[in-house]
Amino acid sequence: MAASASGDKAADDSLYPIAVLIDELKNEDIQLRLNSIKKLSTIALALGEERTRTELLPFLTESIYDEDEVLLALAEQLGNFIPLVGGPEYAMYLIPPLESLATVEETVVREKAVDSLRTVAGQHSAQDLEVHLVPTLQRLVSGDWFTSRTSACGLFSVCYPRVSAAVKAELRNNFRTLCQDETPMVRRAAAGKLGEFAKVVEIEYLKSDLITMFVQMAQDEQDSVRLLAVEACVSIAQLLPQDEVELNVMPTLRQCVNDNSWRVRYMVAEKLTELQKAVGQEITKNDLVSAFQFLLKDSEAEVRASAATKVTEFCSNLDKACQEQIIMTSILPCVKELVADPNQHVKSALASVIMGLSPIVGRNNTIEHLLPLFLVQLKDEWPEVRLNIISTLDCINDVIGIQQLSQSLLPAIVELAEDTKWRVRLAIIEYMPLLAGQLGQEFFNQKLRDLCFNWLNDHVYAIREAATLNMKKIVQTFGTQWAETNIINQILVMYKNSNYLHRMTCLFCINALADVCGADIIERLFLPTIKVLSTDPVANVRFNVAKTLQKLSPFLDQAAIDEHVKPILEKLNTDTDVDVKYFASEAMVGIAAA
């Protein structure tokens, strides 16, 4: 009897936290309700599959009048609930709460509820789908409030492939009804899902039913609906044979290219390369090239900028037989105009991709036509334009050769190395090791070495930091012998600089170069400089000495550590500055443990 009583008590104790969570679902404090919703799977596991189906889910369905944050968490949780209700054969129990969530006013809650309904639909058998989910979809379609009708649009593509022919016909009619809905938000939702629905509809119904809906959407009075029809255009074009594309899709697409709303034209520009792949080479040559020219010359800067970002990809996808001729006669004249565009965002968008044209048009065309454009952009008044060109310089090295690059672009690059905008200087620094490796030691020593030293003394810390890493990468490229002859002495002389920041830069360079220079240079050249800096009047320099010595110690043998490193650290460990003592102590412990 006593054993039985203790067993009941243990069961009560184990269920107590669950009871607390269930109580929190009803609590006035939103945070407590939210925490409980996020632990819903724990509650369901404790209740068991049957009680979850018969008690928890009905309770949740009744309580869907809460803060949006709680409802969003609930919609997300229910999508993962199928194992907790007993598996796919009981998935229909999740539909009522999700259906309610799919009708609420807040968009993100509805979208998450539809996502979860789609997940649940995927677990239904074909029979259960017709019995349980299709009626739900039809209730949403006929809902009085627009929210339910917008949610319905997202469920067609998951239901349609697995239902009978009669139900399919109903679903196509339902979708047509939504495409013609009086509320723009519903038409917008239908337009957004048209392409997805087209992929699951049989080809004959695509031609007879969905093309008509697509054409209507593309002529809608609301530009927010028309621009979504452009997205559907890509999906439909991929599904139709070429002659059908020309007949059914291209008239509508031409109309979108000339649409009065810049947002629609912007969407065409955004989707242009996807359309190009969908419609094929012949239609691209006959129609899309002229459409692309039109978009590159659009009156709205946003449209031109979007089209500009597609220049290289569009050109690379052209038919190789006529690629060069189309680029040189149709695309390049537009690109030349964009280089001098009055809008900085257009020029910046072009600068981020224009270098990619070099491999496509070849060496001679690059030198004759593209290099002058690159030079103009390297000297543009907007730093982002200059930055984007610098960041993609490596695209043309393989095409025109480093000699031509250095003759044509190097003067402009040197000028940018002293640009007033520090981000431009930073981009040049990051490109320098690559440039150094391609130009060779002699050219680097003559033209670029002094620039690298200037950056070490820059007034912006990010530049000085990048310059030290730059030195390390260049030493990796040219070797330690070159480093000792050409740069190390000039770096070490910085310890005499009156500005303590430059003395610290000297230490940072030693830190960076230690990885690539080896024990001999560290012991012979670096340690004497560090010893001098250990008596620096500025505490920041002294504690960086301690950190540097800890960094260098793995490269030194025990004798060098005992002779050079430990005496400096012991002296710093008695420093008057608390930070210096701390870092000296840390370094001594770190070296001893190594």
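Is Glu-246 buried, partly exposed or exposed, and what is its relative accessibility? In this predicted model, Glu-246 has a relative accessibility of 33% and therefore counts as partly exposed. Its salt-bridge partner is Arg-254, with the closest N and O atoms 2.8 Å apart. Arg-254 has a relative accessibility of 34%, so this residue is also classed as partly exposed.

Side chains of opposite charge can pair when their charged atoms come close. With a cut-off of 4 Å between a side-chain nitrogen of Lys or Arg and a carboxyl oxygen of Asp or Glu, the structure contains 27 salt bridges.

One of these joins Glu-202 and Lys-168, whose closest N and O atoms lie 2.9 Å apart. The two residues are 34 positions apart and link distant parts of the chain: Lys-168 sits in helix H11 (residues 165-179), while Glu-202 belongs to the loop between helix H12 (184-198) and helix H13 (203-218). Buried means under 20% relative accessible area. Lys-168, at 14%, is therefore buried, whereas Glu-202, at 23% relative accessibility, counts as partly exposed.

A salt bridge also forms between the side chains of Asp-515 and Lys-472, at 3.1 Å from N to O. This pair too connects distant parts of the chain, with Asp-515 in helix H35 (residues 500-517) and Lys-472 in helix H32 (residues 461-478), 43 residues apart. Asp-515 has a relative accessible area of 37%, so Asp-515 is partly exposed.

Salt bridges can also join into a network, as they do for Arg-118, Lys-193 and Glu-196.

Methods:
Residues numbered from 1 in each chain as written. Predicted model: local features only at pLDDT ≥ 70, side-chain atom pairs only at ≥ 80, totals over all residues. Heavy atoms only, no water. Helix = DSSP H or I, 4+ residues; strand = E, 2+ residues; numbered from the N terminus. Buried < 20%, exposed > 50% of the residue type's maximum accessible area, 1.4 Å probe, protein only.
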